[in-house]
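Subject: Structure for your files

Hello,

Here is the structure I said I would pass on. My notes on its cavities and aromatic rings follow below it.

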Amino acid sequence: MTTQDPPRPPTADSIVDAWIANPGRAATYDLADTVAETQAWPLLARSMIAVAIVGANGAHLWCDAHFADWAPADAIDPAIVATTRSSGAPRSTAASDINGQPLVLVYLPARDGEAYVEGRRVEAGQVVVVAISLAHDGDILLSAARAHGMTEREARVAAALVRHGTLPRAAGACGMSYASARDAIAACLRKAGAARQSELVSLLTQQAGYLPADRDGAARALRDIFGLSAREAELALLLSEGHTRSEAAAAAGLSESVAKDVFERVFIALGVSSAPQVSRVAAEAFAASLLPQAPANIVWSDAVHGEPLRLISRVDGGRIALSDFGPPSGNPVLIVHSSATTRHPARSLVRALQAAGYRPLAIDRPGFGLSDMREDDPDPFRTAAHDMKRLCDLLDLPRIDIVARGGAHAALAFAHLYPEACGRVIALNPDTVIDAQSKREGVLGAAKHAVWRRPHFIEKFARIISAQATPKRVTQLMRASMRSSPPDLAVFEDERELADYHRAVMLFATGRLSGFIAEQRAYADGIDAPALVDASNWTVLLGAHDPLHHVDDMLGYWRPRLPGARFETIAEAGRFVHLSHPHAVLAALK
């Protein structure tokens, strides 16, 4: 009698392949028991990665300009190259850059590393070495600092602190006195809500690299790459989170005398001399640890970088991510994202609004993108409405128009709670609750029905979909989901629109899913939203080909809740009315 290995659980890829081939299978998997865990990834800009190809004998065959600028000739270890070749498994290790600062390297066998080498073939037996730095791109660090409301002078000091590791060196790099740099960094700490310089560096590097929130993973990376013990890794993370050495020792249950020796070993192992350097190295090690499992076109995507990001604070704690596309003189209009995307709107819609005299704004709802989750209220749409009002207060906007290409329940909550601030509202194919009558066409329709039948699978489903955030997969899923909607298929023949939609879903790949999960649970449980007294300022535009909702279902759900609203069904539109018929959106705003 022979024993057989137990069947391996299906991966996220295999499940989605099955759904694309046969959408009805979305309701057949017992996701709680059979789905393998999925991985969260960082979203690094290409400028944060340097690449080299090494031959079988350890000789350098090629490197890009970044690698030549960052790494000295002896940075690559021939012994690790040999181990990577023989084992066929990736390895990560630490080296020093040309300035003697730590540099984390990832050694990838040919089959895994080829994706990181643009336009070059990697032969069998060769090794690709990838260096990661969250500090070499000054522009991205400046953008991260500005997002916290720092002035240009303050942002320059903060970015220099990340790059150089100590305030005296940062001051010298910025050409200013230490006293001036000290005053600037004090303002930076206050604006970022950071207790100490190490926490500020941690915030900026995590933000610059869009790193997942995974403290255990960060500790594991420090152990694996730098050989730290569990206790040493814990103290390093506590220091990077803004604790003093005394506070870190107490939190780890160590006496200060014992902790002093441990800290000395940590600094030697990491090759650093300051707490801010610990923060940077910890972030880079964590990013490197995720690299071998992640698709290259996700890891080094530039799509989410360069957005006009601002992080604003809630009165009761937490941050809201805001994009203000301007101009300041335009009439403000808030673009509300769908439950399946984040705040990044289609740029064609932004340009159309700007050309018509508007100032487009967008925020991530709680738990989406870069906005913190709110735990003070179980209603995700009410908490979103409070964030919308916070935006209005901070930007001194007494009244704001809304284009809701999803999230209509958040717009409805805003109209209930803050009627004086709610201008015109344009709701595009507003979502209804999920029930037995829901449309089941395509991948998303079938998956929606599966969630209705088993709402406890929502988190698993979210992680499966988040693992599909590569450009290729997003394109496949969009086209499979829109098969019954010719207008939507026509929209996404434009590669620019596909790229913008990909940009809007990318942040789910980092594991930021709490907002999506909360809203989908609300839809599955049923939302008994009360009616407005007067909704004459609302226009609801419905696409006759919407693959997710029947027009009659949307009318039946929303008409009783929006007395006096104007409802218009557009025969030649689908789900993405704002892309196929932007003129209808602009006409409704006027």
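For the class counts below, Ala, Val, Leu, Ile, Met, Phe, Trp, Tyr, Cys and Pro count as nonpolar, Asp, Glu, Lys and Arg as charged, and the others, including Gly, as polar. Please keep in mind that this is a predicted model.

Cavities

There are six cavities of 30 Å³ or more. My notes cover the second largest cavity, which holds about 110 Å³ of space. Its lining is made up of 14 residues, and Ala346, Arg405, Tyr501, Ala504 and His578 are the ones nearest the centre. Sorted by class, the lining of this cavity has seven nonpolar, four polar and three charged residues. Two helices, α24 (495-505) and α27 (577-580), each give at least two residues to the lining. The largest share is that of α24, with four residues.

Aromatic rings

The structure has eight aromatic pairs. One of them joins Phe508 and Phe516 in an edge-to-face arrangement, with 6.1 Å between the centres and 70 degrees between the planes. That pair counts as edge-to-face because its planes are over 60 degrees apart. Phe508 has a relative accessible area of 7% and is buried; Phe516 is also buried, at 11%. Together with Phe368, Phe508 and Phe516 form one aromatic cluster.

Charges over rings

Arg245 is placed over the face of Phe267, 4.9 Å from the ring centre. In another case, the charged end of Arg561 lies over the ring of Tyr557, at 3.8 Å from its centre.

Regards

How values were computed
Residues numbered from 1 in each chain as written. Predicted model: local features only at pLDDT ≥ 70, side-chain atom pairs only at ≥ 80, totals over all residues. Heavy atoms only, no water. 1 Å grid on protein atoms, 1.4 Å probe; cavity = no way out; pocket = protein on both sides within 12 Å on 5 of 7 lines; lining within 4 Å. Points joined across faces, edges and corners; volume = space filled by probe spheres on them. Phe/Tyr/Trp six-rings, centres within 6.5 Å; stacked < 30°, edge-to-face > 60°. Buried < 20%, exposed > 50% of the residue type's maximum accessible area, 1.4 Å probe, protein only. Lys NZ or Arg CZ within 6 Å of the ring centre and 35° of its normal.
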